[in-house]
Amino acid sequence: MSSIRPVYIIGGSRTPFAKSMTKYMGVSTQELMTAALSSLVDQYQLKGRSVGDVAFGAIMQNPKDWNLTRECVLGSGLHPHTPGYNVQRACGTGLETSWQIANKIALGHISNGISGGVDTNSDLPITVSKGLKKILLQLNSARSLQDRLKILTALRPKDLMPALPAVSEPRTGMSMGQHCEQMVKDWNIARHDQDALALASHQRAAKSWQDGFHDELVSAFQGVSQDTIVRGDTTIEKLAKLKPVFDFTGSGTLTAGNSSPLTDGASSVLLASEESAKANSWEPQARFVDCEVAALDYVAGDGLLMAPTVAVARLLERQNLSLQDFDFYEIHEAFAGQVLCTLKAWNDEKWCKRLLQSNPLGEIDLAKLNVNGSSLAIGHPFAATGGRIVASLAKLLKTSGKKRGLISICTAGGMGVAAILESV
C-alpha cells in the first residue's frame, strides 16, 4: 500500500447555471459536461495531455450516456489516453467524485485527476411505457408482416403515454420537497426564517458576481455568461407573497423562493499531488483534507435530508475538530428549511445523543455561512453542485487568507456527504 500524501485542489470551471427549460433547451447532458471540462482543459493548458483519471456523474442520465465521462473526455481536448468513469450518489455526486479522485492521488495511484458532475432537466431521459416496450420488443422479434400486424392490434392508447422521470423517493412516493415540509414541521422552522435565509443567499450571490468572484470559475456557454437564477433585487416582502408548492393544506411553508429551482449546468475540478502541481506550475488553492458519507432511516422518520448532520459529526471526531473550528461553512441549500433543520439538529441534545452519540455540536456563526450564496440563488443542477462548492470554497480559502472550510451536502435516499478543505 502506498503512503498517504496530501491532495490539492488546483481549480475548477463550470458552465453558468440556468433555470431548466430556458437557456439550455435542446442541449444534451454530454454537451454541458464537455463544455465544463473543455474550459478546465483550456484554463490549465491540458490540451493534448493526459490526466490520471476523470470521474463525472449525472442523476438525470439518458441510457445513451452510459459511457458519459469517457465520451466527454474524448470531446474535451484531453489526450485520448485519458480514462474516465461514471459515478452517481444523488446530489452528492460532485463531491463524491472529488473524494474518489483525491483518494487515488493520496494513495499514489495517480498524480492528478478531474472530478465533477452535470445535470439538465431540459434533456430528460423520457422512456416509453411498459406496454409499448413489450410490443416494440415483440415487433423486433417478429418474423413476418402478419406477425407484426397481429402484435400491433394489442396496442392500446395508454401504451403510447411516455414514462417521465420521477423525482420522488421510491420507498415513500414523496418528493424531496414533501419530505422537507415534514422536516420543518418536526423542527418547528418558521416560514419567515426560511425566506430570510433565501434572501441572504440571493444578496450574497449577487454581490459575489458583482465583485468578480465567479469570473475565473464560470465560463460562458451557449451565450450565457452568468448564473440566471440570482435575484439580487428580491426582498423579504416579495418572498413572503409566494405560495407553498409542496403542501397545499394551509400549513405548508416551502415555496419556489425558499427551495432550490430545477437547474441545468455542469462543473469540473482539477486535483493534484504536490509533485504534479510543481511539475505543471499549478498553484494550489486549497488542500482536500477529508470526506465522509452517512445515511439515515428516513422511512422510519429520521428526516430525508438530515444525514449530513451525522457525516459532519464523524468528520469532526476523526479530525479532532469542533463545529466552530471553521472560517467558512458551505451547506448546500436544497431548501432553506433543510439548512435550518441541520443547524438546529447540531445544537439539539436529543438528536446528538441518539444519532451522533455526542453532546450537542453547538451553533455556527451565520456570517460565515454560504458567504457567496448557494443553491437557492445560484441553482442546483443535482450532480454538478458538489463540484461548484469544492471549486468555489477552494478559491475562497485562497483569496481570503482564511484557514479552513466545511462542506455539507444532503442527498436523496437519506444520505449526506461532508468534506473539509484547508488553505495551503
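User: Which exposed residues sit on the face of H4 turned away from its buried side?
Analyst: In this predicted model, that face carries Lys-130, Lys-134, Leu-137, Asn-140 and Ser-141.

User: And which residues of H4 are buried?
Analyst: Leu-132, Ile-135 and Leu-139 are buried in H4. They cover an arc of only 65 degrees around the axis, so they lie on the same side of H4.

User: Why would residues three or four places apart point the same way in an α-helix?
Analyst: Because an α-helix has 3.6 residues a turn.

User: What do the buried residues of H4 pack against?
Analyst: Helix H5, residues 145-152.

User: What span should H4 have at 1.5 Å a residue?
Analyst: The twelve residues of H4, 130-141, should span 16 Å. The end C-alpha atoms of H4 are 17 Å apart, which agrees.

User: Which ones point which way?
Analyst: Asn-112, Ile-114, Gly-116 and Val-118 point one way from E5. Gly-113, Ser-115, Gly-117 and Asp-119 point the other way, and all of these residues are buried.

User: How does E5 pair with E6, parallel or antiparallel?
Analyst: Antiparallel, over eight bridges, with E6 covering residues 263-273. Leu-270 in E6 is the bridge partner of Ile-114.

User: And E3 with E5, parallel or antiparallel?
Analyst: E3, residues 53-56, runs parallel to E5, and three bridges join them. Asp-53 has Gly-113 of E5 as its bridge partner.

Conventions:
Residues are numbered from 1 along each chain as its sequence is written. This is a predicted model: local features need pLDDT of at least 70, side-chain atom pairs count only at pLDDT 80 or more; totals for chains, interfaces and linings use all residues. Side-chain values use heavy atoms; hydrogens and water are left out. Helices (H or I, at least four residues) and strands (E, at least two) are DSSP runs, numbered from the N terminus. The expected span of a helix is 1.5 Å times one less than its number of residues. Buried means under 20% relative accessible area, exposed over 50%, partly exposed in between (1.4 Å probe, protein chains only). The arc is that of the directions from the helix axis to the C-beta atoms. Contact means heavy atoms within 4.5 Å. Two strands pair if DSSP finds at least two bridges between them.
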